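Me: I would like to learn how to read this structure. Could we take some features one by one, starting with how much of a residue is covered?

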Amino acid sequence: MDINKDFIVEQLKKQIADYKAETKEEVVGKVIEIGDGIAKVSGLDDVMMSEMLEFENENGDKVNGVALNLEEAEVGTMILGDHKSIKEGDKVK
């Protein structure tokens, strides 16, 4: 089969026409304080009590937690895994 530029262009046009973008909305907060398996988190205004949260550090490691103490500016969270891998500034979903 002889591949030429017209064939490549047509294949690219077909792939672009068939492309369907998928978007996903996530609410992301950040750790403002961590100690003894408890994290204080900001930026999660709509979180509910006992809701599962996912902490992600800069290495991409993930640890789960549970929202316990809901305050106006922050959420107190119990860490359900290795809390030593979480530090201030890490993402929380």
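Reply: This is a predicted model. Start with Glu-26, which has 39% relative accessibility and therefore counts as partly exposed, since that class lies between under 20% for buried and over 50% for exposed.

Me: Which residue forms a salt bridge with Glu-26?

Reply: A salt bridge is read from a distance: a side-chain nitrogen of Lys or Arg has to be within 4 Å of a carboxyl oxygen of Asp or Glu. Here the partner of Glu-26 is Lys-24, and their closest N and O atoms are 3.5 Å apart. Lys-24 has a relative accessible area of 70%, so Lys-24 is exposed.

Me: How many salt bridges does the count come to?

Reply: The count by this rule is 6 salt bridges. One of them joins the side chains of Lys-40 and Glu-74, at 3.6 Å from N to O.

Me: Is Glu-74 buried or exposed?

Reply: Glu-74 is at 18% relative accessibility and so counts as buried. Lys-40, at 31%, counts as partly exposed.

Me: Which residue forms a salt bridge with Lys-93?

Reply: It is Glu-56, with 3.7 Å between the closest N and O atoms. This pair also links distant parts of the chain: Lys-93 is in the segment after strand 6 (91-92) and Glu-56 is in strand 3 (residues 52-56), 37 residues apart. Lys-93 has a relative accessibility of 28%, so Lys-93 counts as partly exposed.

Me: Which residues are linked in a network of salt bridges?

Reply: The network is made up of Lys-24, Glu-26, Glu-56 and Lys-93.

Me: Where does Gly-65 lie, and what does Gly-65 touch?

Reply: Gly-65 lies in strand 4. Its relative accessible area is 0%, which is why Gly-65 is classed as buried. A contact is read as heavy atoms within 4.5 Å. Leaving aside residues up to four places away in sequence, Gly-65 touches Glu-51, Met-52, Leu-53, Phe-55, Thr-77, Met-78, Ile-79 and Leu-80. Gly-65 can also be placed against Lys-40: the two are 25 residues apart in sequence, and their C-alpha atoms are 11 Å apart in space.

Me: Where does Ile-3 lie?

Reply: Ile-3 is in the segment before helix 1 (5-18). With 53% relative accessibility, Ile-3 counts as exposed. Between the C-alpha atoms of Ile-3 and Lys-91 there are 47 Å, and the two residues are 88 apart along the chain.

Me: In what order do the elements run?

Reply: The protein chain has 1 helix and 6 strands, in the order α-β-β-β-β-β-β from the N terminus. Its radius of gyration is 21 Å, whereas the globule rule gives 12 Å for 93 residues, so the chain is more spread out than a compact globule. The C-alpha trace spans about 65 × 25 × 20 Å along its principal axes.

Me: What percentage of the residues is buried?

Reply: Of the 93 residues in the protein chain, 25% are buried. The accessible surface comes to about 7200 Å², and carbon and sulfur atoms account for 50% of that surface.

Me: How far apart are the mean positions of the charges?

Reply: The protein chain has 12 positive and 22 negative charges, and their mean positions are 7 Å apart.

Methods
Residues numbered from 1 in each chain as written. Predicted model: local features only at pLDDT ≥ 70, side-chain atom pairs only at ≥ 80, totals over all residues. Heavy atoms only, no water. Helix = DSSP H or I, 4+ residues; strand = E, 2+ residues; numbered from the N terminus. Rg over C-alpha atoms; globule rule 2.2 N^0.38 Å. Buried < 20%, exposed > 50% of the residue type's maximum accessible area, 1.4 Å probe, protein only. Areas by Shrake-Rupley, 256 points an atom, 1.4 Å probe, with all protein chains shown as cover. Lys, Arg positive; Asp, Glu negative; His and termini not counted. Charge placed at Lys NZ, Arg CZ, Asp CG, Glu CD.
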